[in-house]
Amino acid sequence: MLPPGTEDVLAPASEHDTGEAAAAPGGARHAAPPRSRPSPWNRRRDRVAAALITVVVLVAGVLVWAFSDQRATSHELADPPAALPPAPASVPASLQEIWQAESPATPVPVSEDSSVVTGSGGEVTGRDPLTGDVRWRYARDLELCTVAGAWSRALAVYHKDTGCSEVTQLDPSTGRRTAQRNGDAELNTRLVSDGGHVTTTGKHLLNTWRNDLVKSLEYGEVFPKVNPEKQPREGCTYGTVAAGAGEVGVIEDCPGEQNARLTVLKAAGEEADEPEEVFSTVLPDPSAWLVAMSGDTVAVALPQRRQLALYGSKGEQLAAYPLDVPAADLQRAPEGGVVPTAKGADNIYWFTGSSTVALSRKDLTPQWTLDGTRGPGAMFAGQYVVPIEGGLAVVDEGTGSTVRTVGVDRHGYRGQVQLASAGPVLLEQRGGTLVALR
């Protein structure tokens with residue numbers, strides 16, 4: 001028993017005293033170790049919640065992958081090809097078929113950077129021009145709308161939803177994807193290039209892209225109509241389209257106007273959704289086709305007048321020339337909104353349906369007309385060749401005279417023929433089939 005006020009330092013700590021330190025021998029006091037809190041993950045309900053979250057994340061990832069464009073894409077790459085042998089010094093005396101491939105998605109042959117590009121179904125292929133062997137392949141679970149060449153690249157436009165809205169740019173040497181975008185092109189669209197930009201054709205909307213597929217112009221019924229006042233006219237339908245020197249031209253049929261309208265736009269203005277007109281003028285004919293653009297000059301065919309009219313940079317008519325071609329040629333609207341043309345060293349060549357008309361590259365004045373042709377032609381082996389019945393005509397660009405002809409067996413095919421070349425190989429697009437000749 002201790003005197004009052006004296007602390008018994010040896011007395012054991014109360015079993016209920018959890019907030020004070022227990023006395024140690026010799027009078028020293030040590031802090032009691034803190035009681036550890038139970039982990040929330042040790043509780044069953046927390047472990048179940050964590051498991052459910054993990055399952056949801058995994059399922060969501062699988063669903064995203066299952067329905068993604070990546071899963072729906074098959075892509076096989078290739079090493080860069082060897083350089084092609086050079087073209088011969090002149091067009092050979094004979095040409096034989098060396099291979100052919102189905103390619104309904106290419107309206108004209110696509111030859112870029114030592115490769116020939118074909119398109120069928122949902123598949124784009126890069127082929128060896130000498131053998132036709134497939135070097136690379138890019139395929140989607142979508143149908144191709146069209147395939148074209150621009151900027152030394154291949155452009156594949158796919159049908160998605162209600163239009164041709166998925167665009168993929170491919171390196172023609174390796175098949176590597178170099179750019180991609182979702183657009184608003186219409187069904188049956190074609191691609192028109194001026195070398196710097198590419199424009200889609202359509203009845204109600206035109207889209208123009210620069211070489212990284214960034215949109216630089218949209219003209220027509222833009223959806224959604226966030227700023228409807230930015231389009232200069234509404235309710236117009238579009239016919240033929242051409243491009244040149246950073247500008248896009250289109251023939252319009254607008255409400256309240258009896259005749260066709262020619263409009264030329266900047267391919268890249270300040271804002272893509274606010275078109276900048278170079279000029280817009282009503283033509284003296286209810287129907288018209290935009291044939292070609294070169295420099296400040298625009299060539300327009302006026303079917304009812306049977307004329308080729310030339311317009312200047314302000315929309316003024318510079319001249320009009322009679323068209324000595326069959327009347328039937330001026331009654332068939334060009335497919336896809338594109339007049340068949342090709343470029344030579346001196347001229348731009350327009351295929352009317354039965355004749356090839358040479359227009360000066362300088363000012364688009366008509367130079368000569370070659371009757372009985374099957375297409376606009378192309379440069380090959382340093383000479384201009386034009387497809388004719390039973391073969392090819394080697395043509396003098398200055399006079400239009402036929403230097404000589406080369407026989408080609410087309411096995412009964414009698415439709416339009418589009419030409420291109422790849423080194424020593426001449427390519428013929430015969431409808432949905434691409435044929436290589438050497």
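Here is a short walk through the model, stop by stop, with something to select at each one.

**Before you start**

This is a predicted model, where local features need pLDDT of at least 70, side-chain atom pairs count only at pLDDT 80 or more, and totals for chains, interfaces and linings use all residues. Residues are numbered from 1 along each chain as its sequence is written, and side-chain values use heavy atoms, with hydrogens and water left out.

**Stop 1: colour by confidence**

Colour the chain by pLDDT, the predictor's confidence in each residue, from 0 to 100. The protein's average is 89, and 83% of the residues score at least 70. Now select residues 1-29: pLDDT is below 50 there, and the stretch has 13 contacts in the model beyond near neighbours in sequence. Contact here means heavy atoms within 4.5 Å. Residues 62-66 also have pLDDT below 50, with two contacts beyond near neighbours in sequence.

**Stop 2: a pair of tyrosines**

Select Tyr138 and Tyr158. They form a tilted aromatic pair, 6.4 Å centre to centre with 55° between the planes. The rule is that rings of Phe, Tyr and Trp (its six-membered ring) pair if their centres lie within 6.5 Å; planes under 30 degrees apart count as stacked, over 60 as edge-to-face and the rest as tilted. By that rule the count is four aromatic pairs. Tyr138 sits in strand 8 (residues 134-140) and Tyr158 in strand 10 (residues 153-160), so this pair ties together parts that are 20 residues apart in sequence. Strands (E, at least two residues) and helices (H or I, at least four) are DSSP runs, numbered from the N terminus.

Are these two buried or exposed? Tyr138 is buried at 0% relative accessibility, and Tyr158 is buried with a relative accessible area of 0%. For the cut-offs, buried means under 20% relative accessible area, exposed over 50%, and partly exposed in between (1.4 Å probe, protein chains only).

**Stop 3: another ring pair**

Next, pick Tyr349 and Tyr384. This aromatic pair is stacked, at 4.0 Å centre to centre and 25° between the planes. Tyr349 belongs to strand 26 (residues 347-351) and Tyr384 to strand 30 (residues 383-388), so to speak two distant parts of the chain, 35 residues apart. Both Tyr349 and Tyr384 are buried.

Show the side chains of Arg410 and Glu428. They form a salt bridge, with the closest N and O atoms 2.9 Å apart. A salt bridge is a side-chain nitrogen of Lys or Arg within 4 Å of a carboxyl oxygen of Asp or Glu. Arg410 lies in the loop between strand 32 (402-407) and strand 33 (417-422) and Glu428 in strand 34, so the pair ties together parts that are 18 residues apart in sequence. Both Arg410 and Glu428 are buried, Glu428 with a relative accessible area of 0%. Leaving aside neighbours within four places in sequence, the contacts of Glu428 include Pro109, Leu392, Val417 and Leu437.

**Stop 4**

By the salt-bridge rule the count is 17. Select Asp141 and Arg140, whose side chains meet in one of them (3.1 Å, N to O). Asp141 is exposed at 55% relative accessibility, whereas Arg140 is buried at 8%. Then try Lys230 and Asp273, whose side chains meet in a salt bridge at 3.6 Å, N to O. Lys230 is in the loop between strand 16 (215-220) and strand 17 (237-244), and Asp273 in the loop between strand 19 (261-266) and strand 20 (277-282), so the pair ties together parts that are 43 residues apart in sequence. Lys230 is partly exposed at 26% relative accessibility, and Asp273 is partly exposed with a relative accessible area of 26%.

**Stop 5: a buried loop residue**

Where is Leu364 found? Look in the loop between strand 27 (355-360) and strand 28 (366-371). At 0% relative accessibility, Leu364 counts as buried. Its contacts, leaving aside neighbours within four places in sequence, include Ala292, Val298, Leu310 and Ile348. Select Gly295 too: the C-alpha atoms of Leu364 and Gly295 are separated by 9.2 Å, and the two residues are 69 residues apart along the chain.

**Stop 6: two positive phi angles**

Phi of Asn188 is near 65°, a positive value in a residue other than glycine. Asn188 sits in the loop between strand 12 (177-185) and strand 13 (191-193), and it is exposed at 68% relative accessibility. Arg306 isn't a glycine either, yet has a positive phi of about 55°. Find Arg306 in the loop between strand 22 (297-302) and strand 23 (307-311), where Arg306 is partly exposed with a relative accessible area of 34%.
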